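I set out to record what I looked up in this model, one topic at a time. The entries follow the order in which I consulted the structure.

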Amino acid sequence: MFHCTSTQQCRSDGLTGTCETTGFCSFPDPSCPSGSRYINGGGALGSECVDVSSGADRDHDGVSDAADNCPDLANPDRGDEDSDLVGDACDPCPVVGHETTADPDGDALTDTCDPHPTMQDHLVMFEGFHQGVPAGWTITGGTVATSGDSIVITPNPGTSALLTMPFTATTAITVSAGVSPVALPLVTAASEGGVVVGTDGTDVLACELDDNLGTQTLKAQYTPLGTHATKPWSFQVQVPYTLTATWDLSTSMSCAVSSGGTGTNDEIFLAALPATWHRIGVYAVNEPLRVDWVMLTSL
């Protein structure tokens with residue numbers, strides 16, 4: 001049952017393995033020199049370590065198959081956000097280790113990460129900032145700095161910092177991010193920070209954590225008109241939260257937050273925006289925001 005023709009067929013106990021050139025699945029095993037071992041069922045190779053002698057690099061990313069956590073898909077940085085030994089580039093859920101293997105819509109995103117478990121969407125981009133801020137990303141209104149395996153967006157005093165990435169939406173999109181506030185405002189001040197599913201470079205259509213004079217909420221908002229919807233949601237400094245915004249590129253944007261198995265959501269409705277708004281990013285207002293990862297999926 002562990003014969004394979006592609007890595008997608010190599011799944012066991014929540015782990016994604018590798019379809020080796022032998023035609024059998026291997027799975028991570030740090031006790032092997034190659035870092036991988038065939039499991040029982042691999043024919044004559046059952047339970048043996050994968051051979052490292054060939055030095056093969058079948059995805060041509062400069063990392064040998066023996067050391068590559070995505071040997072069939074180029075990922076020279078070998079980023080592994082959830083530390084499950086499966087590289088972000090080929091992980092069906094890059095942010096959760098040992099996630100459920102359920103994928104009823106067959107879109108190669110397991111339900112733990114799939115924003116639409118009954119609709120086929122696809123992973124467009126995952127960035128874990130393992131090599132800092134990628135080339136082509138643009139910051140306005142503040143600064144962005146590497147902090148360990150994450151980045152911190154710091155707005156200039158009294159303004160907002162917007163980090164955008166080179167992508168133009170053509171179909172409904174979902175932008176998710178792992179974020180944590182670096183600081184909270186005084187009870188006489190306010191701060192915001194979150195994911196952006198649409199922007200003209202200044203104003204935003206966003207899903208955010210909002211602290212306004214000590215009242216904390218999840219907020220979906222469109223800044224030019226001040227259109228917004230809120231749900232009570234308490235958050236703390238240096239605690240990770242997952243924000244998820246889905247925009248249909250037409251009349252609605254849904255906004256959700258989760259942390260530690262709990263969450264809430266809200267939605268706003270608005271007129272269709274021009275194509276110049278079909279850009280994405282993350283942003284912070286008045287206080288710094290730590291961003292651990294950003295993921296983009298599209299229908």
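**Entry 1. Strand E10 and its partners.**
The model is a predicted one. I began with the pairing of strand E7 (residues 138-140) and E10, which is antiparallel and comprises 3 bridges. Within E10, I found leucine 162 opposite threonine 140. I then turned to strand E19 (residues 280-285), which pairs with E10 in the antiparallel sense over 6 bridges. Valine 285 in E19 is the bridge partner of serine 160. I next asked how many of the residues of strand E10 are buried. The count is 5 of the 6 residues in the range 160-165, so E10 is largely enclosed by the rest of the structure.

**Entry 2. Hairpin of E8 and E9.**
I noted that strand E8 (residues 142-147) and strand E9 (residues 150-155) run antiparallel and are joined by 6 bridges. Serine 147 has serine 150 in E9 as its bridge partner. The hairpin has 2 residues between the strands, and glycine 148 takes a positive phi near 65 degrees there.

**Entry 3. The open sheet E3-E4-E5.**
I recorded an open sheet of 3 strands in the order E3-E4-E5, with antiparallel pairing. Its edge strands are strand E3 (18-19) and strand E5 (36-38), each of which pairs on one side only. Strand E4 (residues 25-28) is joined to E5 by 3 bridges. For proline 28, the bridge partner in E5 is serine 36.

As background, most residues other than glycine have a negative phi. I therefore looked up two residues that depart from this pattern. Serine 83 has a positive phi of about 55 degrees although it is not a glycine, and serine 83 lies in the loop between E5 and E6. Phenylalanine 129, also not a glycine, has a positive phi of about 60 degrees; the loop between E6 and E7 holds phenylalanine 129.
Is serine 83 buried or exposed? At 60% relative accessibility, serine 83 counts as exposed, because the cut-off for that class is over 50%. Phenylalanine 129, by contrast, has a relative accessible area of 1% and is buried, because buried means under 20%.

**Entry 4. The largest pocket.**
I looked up the volume of the largest pocket and found about 490 Å³ of space. Its lining has 23 residues, and those nearest the centre are Thr112, Cys113, Ser176, Thr242 and Thr244. Which strands each supply at least two residues of this lining? They are strand E11 (173-181), strand E16 (241-247), strand E17 (252-259) and strand E20 (289-298). E17 gives the largest share, 5 residues. By class I noted 11 nonpolar, 10 polar and 2 charged residues in the lining of the largest pocket.
I then examined threonine 112, which is placed in the loop between E5 and strand E6 (122-127). Its relative accessible area is 38%, so threonine 112 is partly exposed. Threonine 112 and cysteine 93 are 19 residues apart along the chain, and their C-alpha atoms are separated by 6.8 Å.

**Entry 5. The largest cavity.**
How many cavities of 30 Å³ or more does a search of the whole structure find? The search finds 1. The volume of the largest cavity is about 90 Å³. Its lining has 13 residues, of which Pro181, Ser191, Glu192, Gly193 and Leu289 lie nearest the centre. Strand E12 (190-199) and strand E13 (204-212) are the elements that give two or more residues to this lining. The largest share, 3 residues, comes from E12.

**Entry 6. Glutamate 287.**
I located glutamate 287 in the loop between E19 and E20. Leaving aside neighbours within four places in sequence, glutamate 287 is in contact with Pro155, Ala183, Leu184, Pro185 and Ser191. From glutamate 287 to alanine 66, I noted 221 residues in sequence and 44 Å in space, C-alpha to C-alpha.

**Entry 7. The largest nonpolar core.**
In soluble globular proteins, nonpolar side chains tend to be buried together. The largest nonpolar core here has 43 residues, and Leu205, Met253, Val291 and Val294 have the most contacts inside it.

Terms used
Residues are numbered from 1 along each chain as its sequence is written. This is a predicted model: local features need pLDDT of at least 70, side-chain atom pairs count only at pLDDT 80 or more; totals for chains, interfaces and linings use all residues. Side-chain values use heavy atoms; hydrogens and water are left out. Buried means under 20% relative accessible area, exposed over 50%, partly exposed in between (1.4 Å probe, protein chains only). Helices (H or I, at least four residues) and strands (E, at least two) are DSSP runs, numbered from the N terminus. Two strands pair if DSSP finds at least two bridges between them. On a 1 Å grid over the protein atoms alone, a cavity is a set of points where a 1.4 Å probe fits but cannot get out, and a pocket is an open set with protein on both sides within 12 Å along at least five of seven lines; lining residues have an atom within 4 Å of a point. Grid points are joined across faces, edges and corners, and a volume is the space filled by probe spheres set on the points. Ala, Val, Leu, Ile, Met, Phe, Trp, Tyr, Cys and Pro count as nonpolar, Asp, Glu, Lys and Arg as charged, and the others, Gly among them, as polar. A nonpolar core is a set of buried Ala, Val, Leu, Ile, Met, Phe, Trp, Tyr and Cys residues joined through side-chain atoms within 4.5 Å. Contact means heavy atoms within 4.5 Å.
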